[in-house]
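Here is a brief report on a single protein chain. It takes the pockets and their linings, then the overall build, then a few individual residues.

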Amino acid sequence: MTLRVAENIDRIRETIERSCQRSGRKSSSVVVYAVAKGVEPERIREAVETGIHEIGENRLQEAERKMVHLSGSPIRWHFIGRLQTNKVKKVIELFHSVQSLDAHKQALVIEKHLDRFGMVSYPVLLQVNLTGSQNQGGVAAEEVIPFLEKLQDIPPIRVTGLMTIAPFVGTESLVRGCFQRLRDLLEKVNRMRVTGDHPLRELSMGMSDDYALAVEEGATIVRLGRVLFGERSIL
């Protein structure tokens, strides 16, 4: 095993532990999703050997190639990229979950293919755009509750939480504020019982540069690529 990957993961776990201590949480409440975009299969295998089993991929075709090499490894694959409706069938066939649902049409297409596959339900996270950036996907904060209410008519779509991407450039207070808004939004959804007897539990927020802040603000999932694997080797 390349020592660097193991060392990186050890540092990440130490950072998460410190952030959890500052916010009065248990580190076991935070799960690391290794973002494998541009990462060779062997590097992913090294991460898996240290106990990282949740792997996030942005690109369907790149992920398919890696899945062949890593067949038999104890991996749960999660799609975290922009979800195109013409690729939904393959995505739900290969991935355990989607973290980037942001359109009702996507949900309808997922439902159609779930029926064809004989699948009762499929877990998704609703992506929320809190930066206003046109380059990021996600529904606006004020659209989240109406969107979730509409999804109640599609029972196979099981929304388990919310996901967001903080500003790539900004002060600590700006980034922290983004995470606080997502946490507050999840709490509001649950308080209003928008999703009925199935409250949202997951907050997927925080990446390589800001995951410590995200954990302090309640992240249950952090999506880590560069800080875990180093620079990408596959272009």
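For sorting residues by class, Ala, Val, Leu, Ile, Met, Phe, Trp, Tyr, Cys and Pro count as nonpolar, Asp, Glu, Lys and Arg count as charged, and the others, Gly among them, count as polar. On that scheme, the lining of the largest pocket divides into 13 nonpolar, twelve polar and eight charged residues. The model is predicted.

**Pockets**

The largest pocket holds about 990 Å³ of space. Its lining has 33 residues. Nearest its centre lie K37, N58, I165, F168 and M207. Two elements, β9 (221-224) and α9 (226-229), each contribute at least two residues to this lining.

The second largest pocket has a volume of about 300 Å³. It is lined by 15 residues, and I157, R158, V159, T160 and H198 are the closest to its centre. Which strand gives the most to the lining of the second largest pocket? Strand β7 (residues 157-163) does, with four residues. By class, this second lining has seven nonpolar, five polar and three charged residues.

| Pocket | Volume | Lining by class |
|---|---|---|
| Largest pocket | about 990 Å³ | 13 nonpolar, twelve polar, eight charged residues |
| Second largest pocket | about 300 Å³ | seven nonpolar, five polar, three charged residues |

**Overall build**

The protein chain has nine helices and nine strands. Its radius of gyration is 17 Å, close to the 18 Å that the globule rule gives for 235 residues, so the chain is as compact as a globular protein of that length. The C-alpha trace spans about 50 × 40 × 30 Å along its principal axes.

Of the 235 residues, 52% are buried. Among contacts with a separation of 6 or more, 61% join residues 24 or more positions apart. The chain exposes about 11,700 Å², and carbon and sulfur atoms supply 48% of that area.

**Helix α2 and the glycine after it**

Helix α2 covers residues 41-49. Its buried residues are P41, R43, I44, E46, A47 and V48. Just after α2, G51 takes a positive phi of about 105 degrees.

**R193**

Most residues other than glycine have a negative phi. R193 is not a glycine, yet its phi is positive, at about 55 degrees. The residue sits in the loop between α7 (172-191) and β8 (202-204). Is R193 buried or exposed? Its relative accessibility is 51%, so R193 counts as exposed. The cut-off for exposed is over 50%.

**Q136**

Q136 also lies in a loop, between β5 (122-129) and β6 (139-140). With a relative accessible area of 12%, Q136 is buried. Buried means under 20%. Which residues does Q136 touch, not counting those up to four places away in sequence? They are R82, N129, T131, I165, A166 and F168. Two of these contacts bring the report back to the largest pocket: I165 and F168 are among the residues nearest its centre.

**E7**

E7 belongs to helix α1 (residues 3-23). At 35% relative accessibility, E7 counts as partly exposed.

Notes
Residues are numbered from 1 along each chain as its sequence is written. This is a predicted model: local features need pLDDT of at least 70, side-chain atom pairs count only at pLDDT 80 or more; totals for chains, interfaces and linings use all residues. Side-chain values use heavy atoms; hydrogens and water are left out. On a 1 Å grid over the protein atoms alone, a cavity is a set of points where a 1.4 Å probe fits but cannot get out, and a pocket is an open set with protein on both sides within 12 Å along at least five of seven lines; lining residues have an atom within 4 Å of a point. Grid points are joined across faces, edges and corners, and a volume is the space filled by probe spheres set on the points. The radius of gyration is taken over C-alpha atoms; the globule rule is 2.2 Å times the number of residues to the power 0.38. Buried means under 20% relative accessible area, exposed over 50%, partly exposed in between (1.4 Å probe, protein chains only). Contact means heavy atoms within 4.5 Å. Accessible areas come from the Shrake-Rupley method with a 1.4 Å probe; for residues, only the protein chains shown count as cover.
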